[in-house]
Amino acid sequence: MKNVVVKTINGIIEITRGMLTIMKHFFRKPITQEYPEKTPELSPRFRGRLALLTKSDGSDVCIGCKSCAKVCPCGDLIQIETSKDEETKKLKIDRFTIDIGRCIFCGNCTDVCPVNAIVSTDQFELAGYSRENFVLDKESLTLTPGQSELVKDRKERD
Ligand code: SF4
Ligand code: SF4
């Protein structure tokens with residue numbers, strides 16, 4: 001009999017505690033975000049879809065050193081082909097692809113780039129219908145000069 005009384009009192013205490021917790025949160029502002037209606041504010045350090053920056057005249061920042069491809073821990077997902085520009089005597093980028101579907105967003109490629117040509121953006125909506133969709137070519141990776149400035153501003157806030 002004593003046991004039943006003790007258990008009942010404990011039960012009432014626990015229910016009361018639970019109700020108090022509910023009441024406490026009932027008047028608080030919700031912290032959940034209604035995605036996709038509201039997009040989350042991301043840290044400047046967020047590592048999303050990779051992109052290539054351009055200079056103000058629209059030319060490539062990338063110098064074709066291939067350090068990013070070498071440092072990538074996921075094998076050959078960065079593919080770069082270069083050739084020598086006879087006019088400038090510098091390397092020009094003929095092909096630059098990233099298989100973003102295999103990328104683990106470690107940031108090694110962006111860290112190692114000597115000219116900060118490759119950057120992580122805040123784009124995280126990367127769904128696609130086929131694996132081929134995830135292989136991004138130079139055209140889709142390259143940002144306009146205006147977009148490049150915005151990405152640089154975001155990095156400077158870091
Ligand atoms: S973020 Fe990491 S995994 Fe993705 S391409 Fe760069 S080095 Fe490779
Ligand atoms: S993105 Fe950077 S690291 Fe990669 S090839 Fe171009 S300059 Fe080199």
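Me: Which residue is the bridge partner of Ile78 in β3?
Reply: Happy to start there, with a predicted model in which local features need pLDDT of at least 70, side-chain atom pairs count only at pLDDT 80 or more, and totals for chains, interfaces and linings use all residues. Residues are numbered from 1 along each chain as its sequence is written, while chains are lettered from A and ligands numbered from 1 in the order in which they are written. Strands are DSSP runs of E with at least two residues, numbered from the N terminus. Across from Ile78, the partner in β3 is Ile98.

Me: How many bridges join β2 to β3?
Reply: Two strands pair if DSSP finds at least two bridges between them. Strand β2 covers residues 78–84 and β3 covers residues 91–99, and they run antiparallel. Glu81 stands opposite Arg95 in β3. The number of bridges joining β2 to β3 is 7.

Me: Which residue in the hairpin of β2 and β3 takes a positive phi?
Reply: This hairpin has 6 residues between the strands. The positive phi is near 65°, and the residue that takes it is Lys89.

Me: What is the order of the strands in the open sheet of 3 strands?
Reply: β3 also pairs with β5 (residues 135–136), in the antiparallel sense and over 2 bridges. There, Ile98 stands opposite Leu136. The pairing in the sheet is antiparallel, and the order is β2-β3-β5.

Me: Which are the edge strands?
Reply: An edge strand here pairs on one side only.

Me: How many residues surround ligand 1?
Reply: Residues count as near when their C-beta atom, placed from the backbone, lies within 6 Å. The closest are Cys72, Cys103, Cys106, Asn108 and Cys109. By class, the shell has 12 nonpolar, 2 polar and no charged residues. The number surrounding ligand 1 is 14.

Technical notes: Helices (H or I, at least four residues) and strands (E, at least two) are DSSP runs, numbered from the N terminus. Ala, Val, Leu, Ile, Met, Phe, Trp, Tyr, Cys and Pro count as nonpolar, Asp, Glu, Lys and Arg as charged, and the others, Gly among them, as polar.
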